[in-house]
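Subject: Structure handover

Hello,

Here is the structure I promised to pass on. Please open it first; my notes follow below.

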Protein chains: 2
Amino acid sequence: MIKWLGGVGKEEDVVVSTRLRLARNMANYKFPEFMTEEEGELVTSEVLNSVRDNAEDSLYRFYRIKDLSDIEKKVFVEEHLISPNLSERTANGSFLISNDEKSTIMINEEDHIRIQVLLPGLDFNHGWEVSSRLDDLLEKEIEYAYHEQFGYLTACPTNAGTGLRASAMLHLPCLAMTGHLNSIIEGLGKIGLTARGLYGEGSKVSGYLFQISNQTTLGETEEDIIKKLNKVVLQIVSRERSTRVFMLDKKHTEIEDKVFRSLGILNYSRIISSAEAMNHLSNIKLGCDLGLIDDINSKKIVSLMMDIQPASIQKSSNTSMSEEERDVYRAQVIRNNLINMEV
Amino acid sequence: MIKWLGGVGKEEDVVVSTRLRLARNMANYKFPEFMTEEEGELVTSEVLNSVRDNAEDSLYRFYRIKDLSDIEKKVFVEEHLISPNLSERTANGSFLISNDEKSTIMINEEDHIRIQVLLPGLDFNHGWEVSSRLDDLLEKEIEYAYHEQFGYLTACPTNAGTGLRASAMLHLPCLAMTGHLNSIIEGLGKIGLTARGLYGEGSKVSGYLFQISNQTTLGETEEDIIKKLNKVVLQIVSRERSTRVFMLDKKHTEIEDKVFRSLGILNYSRIISSAEAMNHLSNIKLGCDLGLIDDINSKKIVSLMMDIQPASIQKSSNTSMSEEERDVYRAQVIRNNLINMEV
């Protein structure tokens, strides 16, 4: 299973994960976009030193983007451990990952430093705690670019201020199926929040998974951002749950049909794209969370959603594959996983 | 299993069934369309007497259309035992069915008498033998409307002459999938043959099943009609088989995927229409005939194709059901059948 999903999270029937990300820059360097390779290397050293001096560095693995193969980089993205943007920073990009893979420190992404904390279920408070601790740790030796009035300065002004982007990944099949989600998403914009797809900005919605995050980072405290987001997420969770109860009551057989057909297709197909598999896994997750399927662990389905992405499939096969071969191997991986999946 | 499918037929990997039908009329009565009820009754008596006097009548069951419920009539049609046309002849229509259900004598359909012989696999010769025997048996006491030049006279001139319509029901998934079937069907027209859907004239093609039959009944002997049809059917069988070999070689995984997805859906769905089920059963039959599935009897799949038609489903449930309830019950019947199906 994907490591960062480990442990028990709250509201896991609807909330897949919580993510906090802090954007930070060093006072005495240009933003990564304008740096020379040497400057980038200095930034990297400063971050590594600060972690080495202040944390048990044995708890962190360090990777340079340029040392990774294309597949390896994409797998880190597919597992949400690094951002798509960082994976393209071949000149200066690097990152540290904690052994439980819940924390990542990205170096020379759009900003010098991006701290990410990823937790299963809904847990903004713990996420904020962990990311603040990492922030403090780095700040012991690093001088951040900070402005009394504007807060943390960032390469893109939309991140300035707190530098905090907090998000929750929600599984909203019933709100999406009934069409109620559209008005909810419209409403989010009015209160400074936004909904995105599985892989953040610009990514497509897949498997009824929606990332709800704060859009503004300026003019509110971190606590306020988290508090508002937590409240709104809980409201959406509650609406998804009541819609599930309603549908289970009014459309029981239809839901059961949808869920079990997906299980049938994944148990039997011999070729499957990641997009199709995502939709079926999403239906199976719904079936687990509704109690229609009781011998499959819903969280292992979430993990499988990441494991079947193109690069992850490619990597797990240990061979180079065409898209067609990947689709065949994916079907096999899914069949094996479903057979061996226990609660 | 549907009774008339019993026994071993030839070319059963492609040919589901062979059907022969003889249209006959009595010399001294108007065609059914123009008869009074009394005249219709006299026709019925004459046929029944001839069968009683000349055959072991215990081997035949007799039904009057007006005594059957709507569902019962439709089930006889769905099992191909009587024609849709006869099922609507509530005033005078009736029929005799042999105990093996391979022979039917329909009374007061479009013509006074329609003899039908239905056999599994490809067997025009045996079909012709059995139908001729029934024809001779009736003729012992009945005077047929016969013209030296035009042969047997029929209500619709397209049946005059031999009164013979011979057909084979072919399962042609691979010729259909590759698109080769279109040119074959076009070619049939040029040699006086035609291709129809599962339930004859005007019925839709379903489950890749095509009825190939002679279009003309005049100007050729029965033996010529059968000989030509047999030859053409064997050619189509051979082309379907070579296309299957080709596809199994070139598109093995795609075919396997199609077959097993259908098996998955039928094993798991909770709601299914007869049209959708027909397509999946057709794929499963293909899988059996190709050896991809080895624990299911291909012939039981053919039988199931008839058992899941709307009226048959309704009848087997012993309750009155809405279309939605039928779709739910159908999914259940299919799941149970597939689980209990042995070679």
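Contact here means heavy atoms within 4.5 Å. This is a predicted model, where local features need pLDDT of at least 70, side-chain atom pairs count only at pLDDT 80 or more, and totals for chains, interfaces and linings use all residues. Residues are numbered from 1 along each chain as its sequence is written, chains are lettered from A and ligands numbered from 1 in the order in which they are written, and side-chain values use heavy atoms, without hydrogens or water.

The core

I began with B:Phe95. Leaving aside neighbours within four places in sequence, B:Phe95 is in contact with B:Arg61, B:Phe62, B:Tyr63, B:Ile65, B:Leu68, B:Phe76, B:Ile82, B:Leu86, B:Thr104, B:Ile105 and B:Met106. The largest nonpolar core has 97 residues. Such a core is a set of buried Ala, Val, Leu, Ile, Met, Phe, Trp, Tyr and Cys residues joined through side-chain atoms within 4.5 Å. Buried means under 20% relative accessible area, exposed over 50%, and partly exposed in between (1.4 Å probe, protein chains only). A:Phe95 and B:Phe95 have the most contacts inside this core. Its largest share, 7 residues, comes from helix H8 (residues 252-268) of chain A.

Helices (H or I, at least four residues) are DSSP runs, numbered from the N terminus.

Helix pairs

H8(A) and H8(B) pack at about 145°, with axes 8 Å apart. Axes are lines fitted to C-alpha atoms, for helices over the stretch in contact, and angles run from 0 to 180 degrees between N-to-C directions. Among the residues that meet are A:Phe260 and A:Tyr268 in H8(A), and B:Phe260 and B:Tyr268 in H8(B). By class, this contact has 8 nonpolar, 4 polar and 2 charged residues. Ala, Val, Leu, Ile, Met, Phe, Trp, Tyr, Cys and Pro count as nonpolar, Asp, Glu, Lys and Arg as charged, and the others, Gly among them, as polar.

In chain B, H8 (residues 252-268) also packs with H9 (residues 274-289), at about 130° with axes 8 Å apart.

Two single residues

B:Ser83 sits in the loop between helix H2 (70-78) and helix H3 (84-87) of chain B. B:Ser83 counts as buried, at 11% relative accessibility. Beyond its neighbours within four places in sequence, B:Ser83 is in contact with B:Val77, B:Met106 and B:Glu109.

A:Lys227 lies in helix H7 (residues 222-250) of chain A. A:Lys227 is exposed, with a relative accessible area of 63%.

Best wishes

Technical notes. Helix = DSSP H or I, 4+ residues; strand = E, 2+ residues; numbered from the N terminus.
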